[in-house]
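I opened my notebook to look up a few things here: helix packing, a sheet and some charged pairs.

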Amino acid sequence: MRFLQRRLPFRAAADERRLTCAARLGTHPHGGEVKLKLKWISLILALSAVIMLSACKKKVAPPPPPPPPPPAAPTASLTANPNAIDKGQSSTLNWETSNATDVSIDGVGAVRPTGSQSVTPPESTTYTLTAKGPGGTQQATARVTVNAPPPPPTASSATEEELFSQNVKDIYFDYDKSDVRGDQQSSLQSDVAFLRQHPNIGVTVEGHCDERGSTEYNLALGDSRASAVRNALVQGGVAGDHVKTISYGKERPFCTESNEQCWQQNRRGHFVYQK
């Protein structure tokens, strides 16, 4: 077929030139037939050119396949139960990860992707879990608070109520907040240690607010502050039935001036000794 395609245009072209010359000179006996034959030869030449051009076309390469999706990022969670212990006691770390090939916990070492382990930290410790995988790195933390040991009893003639007044400190709050501030944690831990050392003492936590805001709003805010202090005491080991709460809102201020220094004194959880 390729041989015929190569030969056909040259042969048709030679016939066309020969017939054209004959037609011009008037030497061909059948002039009309010559013209018709010329038309057929021209058509054959055109078809041959089309066939040759089609054969020369290059094949188009197929598009490349799409890239694979990126690997999934790791997930990680870490909890400690309980999260507050006395020195020498243990807490259990529980963790869970996914899409991770390398999991470790600071202070513990390499661990399985999901599991639990008992720890006995000598002091308050924040454990950090690191999960690594093809999709990146993820971290999670859990803190175990080690309560300070209660101070040794001292020979004193002071009454239990006097000791209470000397050792139990009020807890202060930020404006319009009911969560215990970081700078109040040491005072709260000292309160816990004293009340645990004197388990017969009952206490009422009063929630107080500054003068700003409505009476109803401050009563609710005072209740939240008293409850936050009570929850921290119970979580630290104080018997729950020895701790009551009440809210006075802004009705019983400790300071009556209208300035920030005075308002700060009124935003507190106040401890009251109960026999």
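Entry one, helices. I looked at how H4 crosses H5, and the crossing is right-handed. This is a predicted model, by the way. Who makes the contact? I found Leu188, Asp191, Val192 and Leu195 on the H4 side, with Val229, Ala232 and Leu233 on the H5 side. Sorting the contact residues of H4 with H5 gave me six nonpolar, no polar and one charged.

Next I checked the geometry. H4 covers residues 185-197 and H5 covers residues 215-235; their axes come within 9 Å and cross at roughly 55 degrees. An angle of 65 to 115 would count as roughly perpendicular and one under 35 as roughly parallel, so I wrote down that H4 and H5 are oblique to each other.

Entry two, the sheet. In what order do the five strands of the open sheet come? I read E2-E8-E7-E4-E5, with mixed pairing. E2 (84-86) and E5 (109-110) are at the edges with a single partner strand each, so one side of each has no neighbour in the sheet. I then followed E2 to E8 (residues 136-147): the two run parallel and three bridges join them. Asp86 sits opposite Asn147 in E8.

Side chains of opposite charge can pair when their charged atoms come close. I got a count of eight salt bridges. I picked out Asp170 with Arg268, where the closest N and O atoms are 2.7 Å apart. This pair links distant parts of the chain, 98 residues apart: Asp170 is in the loop between H3 (160-167) and E9 (171-172), while Arg268 is in E12 (residues 268-274).

Technical notes:
Residues are numbered from 1 along each chain as its sequence is written. This is a predicted model: local features need pLDDT of at least 70, side-chain atom pairs count only at pLDDT 80 or more; totals for chains, interfaces and linings use all residues. Side-chain values use heavy atoms; hydrogens and water are left out. Two strands pair if DSSP finds at least two bridges between them. Helices (H or I, at least four residues) and strands (E, at least two) are DSSP runs, numbered from the N terminus. Axes are lines fitted to C-alpha atoms, for helices over the stretch in contact, and angles run from 0 to 180 degrees between N-to-C directions. Angles under 35 degrees count as roughly parallel, over 145 as roughly antiparallel, 65 to 115 as roughly perpendicular and the rest as oblique. A crossing is left-handed if the near helix is turned anticlockwise from the far one by less than a right angle, and right-handed if clockwise. Contact means heavy atoms within 4.5 Å. Ala, Val, Leu, Ile, Met, Phe, Trp, Tyr, Cys and Pro count as nonpolar, Asp, Glu, Lys and Arg as charged, and the others, Gly among them, as polar. A salt bridge is a side-chain nitrogen of Lys or Arg within 4 Å of a carboxyl oxygen of Asp or Glu.
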